[in-house]
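Here is a short note on the side-chain contacts in this model. Please read the points beside the coordinates.

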Amino acid sequence: MNKFDRNKFEKRNLDNIKGIFESRTGVDLSGAKKIRRPVRTVLALAAVLACFTVTAFGMSMFSSLDGDDLGFNAVYAGDGIVEIQVENRSNKNLEFQEKLKLMRWSTGEEIKPDADSKINFYGMEVPAGQTGAMIIDLSGAYNIKMLEQPLEDDYYYLVLTNNNFVFGQDWMCSVNFCDVESRGAGDGILDEGNDDSDETQVTDGHIITEVPEELRWYFKEPYFNTNERGQAAYKYTEAVNKYLADFNGEIAMPQAPGLILDTTSKLIGENYSSMDAYFRIMGRCPSDEALVISAVLPTTKYNNGDGGEALPLFYIMTYSKSDVENTDCAFIYGHLMTFDELKKFKVYEDEQYVCYEVSGLIYSDVMEYAEGYINYGGSLIRWDDNAKELLLEIYDTYKDKMEFYYIR
């Protein structure tokens with residue numbers, strides 16, 4: 001075994017430390033002449049460099065090579081607008097650059113943007129441990145009609161980055177441009193018959209007056225049309241940010257911990273969604289989700305009881321208990337409310353989370369709400385006495401008594 005040479009070891013490592021220092025600072029430590037310095041000076045220099053190195057690594061950027069992880073959920077809203085929910089699963093803040101690559105999976109080729117084009121990015125920062133909403137407008141850079149053509153056994157994906165597409169700091173996010181999110185229940189009649197409808201059919205006239213005037217416009221219209229939905233969501237998100245700009249308190253972010261209403265009934269539908277029945281955003285942005293409890297009602301299409309259509313009925317916003325105890329407010333459906341004000345909506349609480357059923361911020365009369373949804377939206381629900389009785393039975397059963405369990 002070779003004898004350990006401490007002098008060679010210390011010199012080699014000091015050279016390495018100097019190399020790191022020079023590469024990170026641009027400072028040349030070599031000099032024209034070698035100057036003999038006291039040992040304590042060398043040790044002091046080594047200590048400073050060691051501190052610098054630790055600090056540099058402690059402030060490292062978000063990278064999968066360091067174990068940082070994130071999740072994507074992309075929805076194409078039409079007109080070249082892609083809405084991406086980004087879940088930051090790291091303890092580091094993430095800030096994307098305003099850069100992307102649009103790729104085709106089967107060939108691995110990049111779809112180049114048009115010359116002199118511009119891609120608009122919104123919501124590029126996602127704090128540690130939180131979920132954010134990113135909106136990317138590709139309409140000024142690509143042939144959207146071409147992208148919306150169906151692909152056979154193929155798809156597009158975006159490559160996003162926070163550091164010039166360096167390995168470990170670039171991420172793929174698939175997007176289907178021909179799968180525009182739609183309601184689908186009306187089979188092409190969702191936008192018919194709207195000219196004769198008035199505001200009260202889609203908006204509770206009493207409740208809408210409690211929304212700040214600068215945000216009220218958003219809740220006066222439904223957004224079954226996907227193109228209108230994406231544009232309105234973007235404008236509304238901008239308006240909310242402007243409205244909250246002067247607010248000095250902290251606003252809690254809703255959670256989606258997998259809590260589900262405790263029921264085995266086939267007449268109950270459950271899903272997490274960021275929007276209400278008319279596709280209006282529930283929170284501050286498209287990533288703020290509520291647990292939506294729906295009544296499954298008979299339709300004119302399935303007379304034998306084999307199928308039904310879900311009518312969104314209850315909207316449960318969930319917050320961590322620590323946020324409820326330590327945070328100023330929540331922002332729900334155009335309302336900025338303290339958690340004391342939200343107490344009247346509380347339906348569940350455990351050691352981790354508190355749930356608020358906030359349909360009272362959306363409608364005040366369940367039958368008027370249901371009829372507006374059915375008449376305005378071109379629904380196929382068979383709205384007869386049996387359906388009305390079933391709706392009221394479901395509503396009365398769960399309105400004041402909700403128990404939840406976790407899906408693991």
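1. Burial terms. A residue is called buried under 20% relative accessible area, exposed over 50%, and partly exposed in between (1.4 Å probe, protein chains only). By these cut-offs Lys343 is exposed, at 54%, and Asp340 is exposed too, at 57%.

2. Basis. This is a predicted model, in which local features need pLDDT of at least 70 and side-chain atom pairs count only at pLDDT 80 or more, while totals for chains, interfaces and linings use all residues. Residues are numbered from 1 along each chain as its sequence is written, and side-chain values use heavy atoms, with hydrogens and water left out.

3. Salt bridges. With a salt bridge taken as a side-chain nitrogen of Lys or Arg within 4 Å of a carboxyl oxygen of Asp or Glu, the structure holds 11. One of them joins Asp68 to Lys92, with 3.1 Å between the closest N and O atoms. Asp68 is in the loop between helix 2 (39-58) and strand 1 (70-78), and Lys92 is in the loop between strand 2 (81-88) and strand 3 (94-95), so the pair ties together parts that are 24 residues apart in sequence. Helices (H or I, at least four residues) and strands (E, at least two) are DSSP runs, numbered from the N terminus. Both ends count as buried: Asp68 has 7% relative accessibility and Lys92 has 17%.

4. Arg89 and Asp69 form a salt bridge at 3.2 Å, N to O. Arg89 lies in the loop between strand 2 and strand 3 and Asp69 in the loop between helix 2 and strand 1, so this pair ties together parts that are 20 residues apart in sequence.

5. Asp340 pairs with Lys343, the closest N and O atoms being 3.4 Å apart. Elsewhere, shared partners join the salt bridges of Asp66, Asp68 and Lys92 into one network.

6. Aromatic pairs. Rings of Phe, Tyr and Trp (its six-membered ring) pair if their centres lie within 6.5 Å; planes under 30 degrees apart are stacked, over 60 edge-to-face, and the rest tilted. The count by this rule is 20 aromatic pairs. Tyr156 and Phe177 have ring centres 5.7 Å apart and planes at 65°, so they are edge-to-face. Tyr156 is in strand 8 (residues 156-161) and Phe177 is in the loop between strand 9 (170-175) and helix 4 (205-208), so the contact ties together parts that are 21 residues apart in sequence. Tyr156 is buried at 4%, and Phe177 is buried at 1%.

7. A stacked pair. The ring centres of Tyr218 and Tyr223 are 5.1 Å apart with planes at 20°, so this pair is stacked. Tyr218 is buried at 1%, as is Tyr223 at 6%.

8. Cysteines. Cys173 is buried at 3% relative accessibility, and Cys285 is buried at 15%.
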